[in-house]
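Hi,

Here is the structure I promised to pass on. Have a look, and my notes follow below.

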Amino acid sequence: MTTETSLLLPLIPFIPLLAALFVALGETDDAGRQVAFVFGTVPSLVLGGLLTVRLVTPRGGQPLILTAWGGFLYADVLSALMICCTYLVVASVGIYSFAYIRHDVERGLVTESGSRLYYFLLLVFSAFMTWTMIVSHLFFMFLVIEIATIAVSFLVATYKTKYALIASFKYNLLVVMAMLFAVMGAVLIFARMTTVDPTLSRIHVLEMGKLVTLLPVSLALTIVACFICAFGTKGGLMPFHSWLPDAHSEAPAPISALLSGLVIVVGPFGFARTVALFSPHYTQVVVLVALLGCASIAVGILMAIVQDDLKRLLAYSTISQVGYVFAGIGLGTYLGIYGGLFHAVTHLLAKALLFFCAGAIIYRLGIRRISDLGGLSRKMPITAACFFVGCLSIGGLPFFAGFPSKYTVVLAFAQARVWWAVAVTAFAGTLTLAALVWAAHRVFWGEESPRVAALAPAAREVPLVMMVPMISLAAAVVLLGVWPQALYPVLDSGVRSILALVGR
Amino acid sequence: MTAEGALLVFVLSLSAIVFAVFAIETRALVKSTYWYVAHSCCLILIYVTYAIYANNPYLFIWAGLCGVNTWILPFLVGGLRYTAKRIPSDDRATRLPTAIFAVTVVAATIAVRSYSRLTLVPPGSPLEHLDQEVSVNLLAGLLLFAYGIIVLLTQRHLFKLAIGLLVMTAGAHLTLVQMAPGFFTMVEIEVLTKVMGTVFAMLYAARLLAERFLTADASLLLAEPGESPGSAGGRTAS
């Protein structure tokens, strides 16, 4: 691995933090907050893009690592990719929220100060998400994950209804509890390592790969169990998922998109940094992660099928999809990690799109029960088309982003000869497509429901500022479906940088 | 660590566990806060003992931060005592967490005794010869961690859940001190964040719920008629 010092790296999280301070302390109106938000996220997105371009390794070359502050911050291509995803989703969510939250303020669901807090928390979240991706100290990584969690828990409670507050409390409690398991895992590694090197004073994420081979099997498996509990909870993996459906359904639609698209990605990211390093050395880890991943895939979609609430259906579908990501990364093979990371990106785009579409329906009609909806395609044709694109991608249909990523994970299972997992993913994949297309049909193409008919004057397309993120995400989903190679250099470098940590 | 120091830590660890049990079992929330303060004081003394007997000055910083937490968390506006005075007490308290914990303590002790030997001061690293000797203080730290988990899984009162999380955190840090006393960096910041951020956020949510629904018991809140799940942001409740 080649290491270089970068001055760019520390700058990225400071831009949204400065914007957050401006939003919190400045006497800003709505327009001021929106400008601050754009200036807080778009430059970071550009910097993330530049970082990714810089870090993509030429074929056959050594993976490059950028460091700053004496190695306290570091970025490989995986970090850079995640930074890009973070600012892409946060920028989309923020722009979508300009109209959505204003509408909620007008309806009295959110106060003016609540709106200010909303943008402040969104910016703080993006800054700490970036820290999560670039900090090298394992304990500091847990710390910034907790701060990001606090920001998200306040965002979930934006409406301050009973269920929103309980969902926020539950999310906060479970994720922090899970992070304590991560702390225990790190403590076990450190305690063992100090017997080998008494001068050790911290665990560097990049050194984890070297440490895992020095651990006794029973201790290694205990550590893996701690990390699975921790990052499984953060990522919404079965059976640690109980916070996810409540938080998704009680949060404002843009925040649901943020949760499903981005917040859960921290789980797989942490998984790639920890558990994936154990997989090549301990076959038990591969079996355990494949089991949990497949349970998540199957149970998640079975639960999704019986939901009548559109946002809850999408939330359970997230539990199912995240199973592919975890199982792929947990395999620890090139193909598995590649597929897992690829699916994390494609799912992020498609699920954010679907939640934006659900938000568009709530924005216009205030209805989220599927049985109360129907025949909306005539009134909201662009939303209908975007929703359908998202469904087909999550369903894994060819020419949509979800197909190549899911297919890669299935191929990775076949390569590892985990045939039962191939069977489960094939079965669950069919169910996913059926469930989502059926939901899309009932919402947009079914017979117009009496409630929609009663609200007919309100049923029309959402404002342009909400439409732009939806159309952009839909375009990205189609583009990645027909041209999946676009992400190949980045993902390939990312996988190679992870495998280099375990000496492969 | 000498036998004298280890014995002192053991007594303090046991006291921390007993005070944690009282903090959870007491129905009056203000009293529960004071039991938590007693529990935290034991933790401070444990860190000081370790700092002195293990000759690790960094643990004085830990003890100092724990002292700050012991003052901030219960006594600052928005903290435990402030919240305890503003939300209804835990009328439906059960003895379930403590009963499960008692069984866990017995089972863990039997399990450890059947595979290895419980010692006050293990020779070398605590993790090196787990199959031969296990430190009682390590077991105490792990049991405190386990008690926190049991409380989080069995309690329904939001205030008690916040205390359960703090107990679990204390267990994790106690285990950390037993196993790797040199691993100090950043952990103290993490402790402060948990106190400043997470617990205050949880207590804020508990207060808001109690103000509006006159209870902070999650099972009662969910059973109460009114808003339906998923009504947030929608035009209609159902």
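Which residue in β3(A) does A:T67 stand opposite? A:Y74. Before the rest, some housekeeping: this is a predicted model, where local features need pLDDT of at least 70 and side-chain atom pairs count only at pLDDT 80 or more, while totals for chains, interfaces and linings use all residues. Residues are numbered from 1 along each chain as its sequence is written, and chains are lettered from A and ligands numbered from 1 in the order in which they are written.

Back to the strands (DSSP E runs of at least two residues, numbered from the N terminus; helices are H or I runs of at least four). Pairing takes at least two DSSP bridges between two strands. β2(A) (residues 64-68) runs parallel to β1(A) (residues 2-5), with four bridges joining them; A:T2 has A:L64 as its bridge partner. On β3(A) (residues 73-75), β2(A) pairs in the antiparallel sense over three bridges. Those two form a hairpin with four residues between them, and A:W69 in the turn has a positive phi of about 50 degrees.

Then the helices: α3(A) (residues 77-106) packs against α10(A) (residues 253-261) at about 170 degrees, axes 9 Å apart (lines fitted to C-alpha atoms over the stretch in contact; angles run from 0 to 180 degrees between N-to-C directions). That angle makes α3(A) roughly antiparallel to α10(A) (over 145 degrees). Residues making the contact (C-beta atoms, placed from the backbone, within 7 Å) include A:Y96 of α3(A) and A:L258 of α10(A).

Cheers

Key:
Angles under 35 degrees count as roughly parallel, over 145 as roughly antiparallel, 65 to 115 as roughly perpendicular and the rest as oblique. Two residues are in contact if their C-beta atoms, placed from the backbone, lie within 7 Å.
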